[in-house]
Amino acid sequence: MSAAPMIEARGVHKYFGGVHVLRGIDVSLAHGEVGALMGSSGSGKSTFLRCLNRIEEPSEGQVLIDGTVITDQRTDVNRVRADIGMVFQDYNLFPHMTALENVSLGLIHVRKRPRSEAKDAAASALEQVGLANHLTKHPQQLSGGQQQRVAIARSLVMQPKAILFDEPTSALDPEMVHEVLDVMRTLASEGMTMVVVSHEIGFLRKVADQLIVFDAGLVVERGPAARVLDEPEHERTREFLRALR
Amino acid sequence: MHMTNLQTTFHQWRKRWAYQPWFRRYEWLVLGLAMWIGVALLFLPPFGRPTPLGAASVIAWYLAGFTMAGVLLSDREKPILLKRATSLSVIVLFFGLFYRYSGTRWDRVQSQFFDFSRMDGVWEMYAQGLLVTLQVAIVAAVLSTIFGLTFGILRTLGNPVVNLFLGLHVDFFRALPLIVSMVLIFYALPFVGIRLPAFWSAVLALVLMNSAYQTEIFRAGIESIPRGQIDAARALGLGPGATMRHVVLPQALKTVIPPLTNNLVSLVKDTAVAYVITVPELLTNAQQAVTWKRTPTPLVLSMFVYLATLIPLIHWTRRLERRLKVGTIL
């Protein structure tokens, strides 16, 4: 493995009109590391996550994936994105396609793999997230937890270098949260680099290597998950954790 | 226990009546209706045209009766039979007045409007006319849809120059009456050297107008697709074109079908405007048959040809919409 971090952000700024949403974020995640982003709503954590694959264009600063600068205007952003999975809060599955078609779309049209091969790979990715019996169902026929697992399979099948999770369990009913977290836990144990925006304290404590706390567009605290959760140093972190309990 | 069913019913009736406002009570309404009809008949002379004062009083009286019927019909408690009787008498009176006092020569209707004895050769003209109507409609529909879809996609790309031109096109041809653009194309453009055959002038005018409407339809359909769908597609590594083709358009087309079929149905109807520029379509042929046969029958019957063509089309689009709606729930 190369020595360069898998995901690195250097001085990332973001303006929406006149609003300064990100005010210089530096983050570095090694291969196989799980980084968790926390912070109250509007603190910039989701925007920062979206900057990592340029779904949101950073206004200033650099993002490096596996040592390659991707914020350069000359980089082929589609190739970069194919190598970084992304899972959204609202699943964002394509409602006009079956689970299998959702998962194989990227392989067929981005990776240019033959259809039959793509379908096989998609089926095994869906099996991996425990949905082998739901291949031909449309998203509307699946529960929230199942939909989110299809979304994870959709990222996974591209064999990404890293996966970005944007509040993957926030839209789920409580009893479905664990099925999604289980899949994510397995992924982490298999050495997938992940950046997770989440407030699932129990999950983060077990899985996250690095916990990064955002407030008003700045990182106010970072460190090993257990340390940040148990002995928060910054006043905002303490307030935030108190509010979560 | 001692009470019979009849007694119970009567009791309930009494109770209900006691809480009715006076104007909703049966006696008044039935009496009012009878008086209304009676006075309406009194106002009208039994033959000939009514005097202006008579006509005005009938109209006023008619409005008063209509209000009263409205009051009656608005009450859910009233028996359905009474409501039906009221609606029916209002309708009968309205058409009765028209029948009696509009001055129509009803005895001539059959001999003038439905004179099948003079229809020799007219059926063939209908067939030829309908063929041309459908040719104009199909060519115009296909071209409008192609342009509408293209322009609709282009409008969502956010290029200011493109948007300016397409915005002008949309504003211009939605504001300009179809008949005006058709007449301009066929009768004015030859003076500056542009000569289009009548058929293509009609098609051009129809395409210019309907592609403007369809631009807006397709644009709205594309813009109705949630931002998250595009984010998800782009995050997979699909480019803008592939995102449009595989994710946005398939969903947008589904939402667009009801307004689109609506537009295409009115396009078929609008082909009749081509009559003014001598395209030998259905209406033109019917009108020619009128001068040829010296009877309005061909014109009247052409109405039924239009209806027989368009009503099935409308029903088919409605079925299509219903099927799609079921499809989205599934």
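This is a predicted model: local features need pLDDT of at least 70, side-chain atom pairs count only at pLDDT 80 or more; totals for chains, interfaces and linings use all residues.

User: Which residues of helix 10 of chain B are buried?
Analyst: Helix 10 spans residues 227-236 of chain B, and its buried residues are Asp231(B), Ala232(B), Ala233(B), Arg234(B), Ala235(B) and Leu236(B).

User: And what follows helix 10 of chain B?
Analyst: That would be Gly237(B), which has a positive phi, near 105 degrees.

User: Let's talk about the two chains. How many residues are in contact?
Analyst: On chain A there are 18 residues in contact with 16 residues of chain B. Two elements of chain A, helix 2 (77-82) and helix 3 (99-109), each give two or more residues to the side that touches chain B. Helix 2 of chain A gives the most, with four residues.

User: What's that side of chain A like by class?
Analyst: The side of chain A that touches chain B has eight nonpolar residues, seven polar and three charged.

User: New topic: Glu124(B). Is that one buried or exposed?
Analyst: Glu124(B) belongs to helix 6 (residues 122-155) of chain B. Glu124(B) counts as exposed because 11 other C-beta atoms lie within 10 Å, and the cut-off for exposed is 12 or fewer.

User: How far is Glu124(B) from Asn285(B)?
Analyst: Their C-alpha atoms are separated by 9.7 Å, while the two residues are 161 residues apart along the chain.

Technical notes. Residues are numbered from 1 along each chain as its sequence is written. Chains are lettered from A and ligands numbered from 1 in the order in which they are written. Two residues are in contact if their C-beta atoms, placed from the backbone, lie within 7 Å. Ala, Val, Leu, Ile, Met, Phe, Trp, Tyr, Cys and Pro count as nonpolar, Asp, Glu, Lys and Arg as charged, and the others, Gly among them, as polar. A residue is buried if 20 or more other C-beta atoms lie within 10 Å of its own, exposed if 12 or fewer, and partly exposed in between; C-beta atoms are placed from the backbone.
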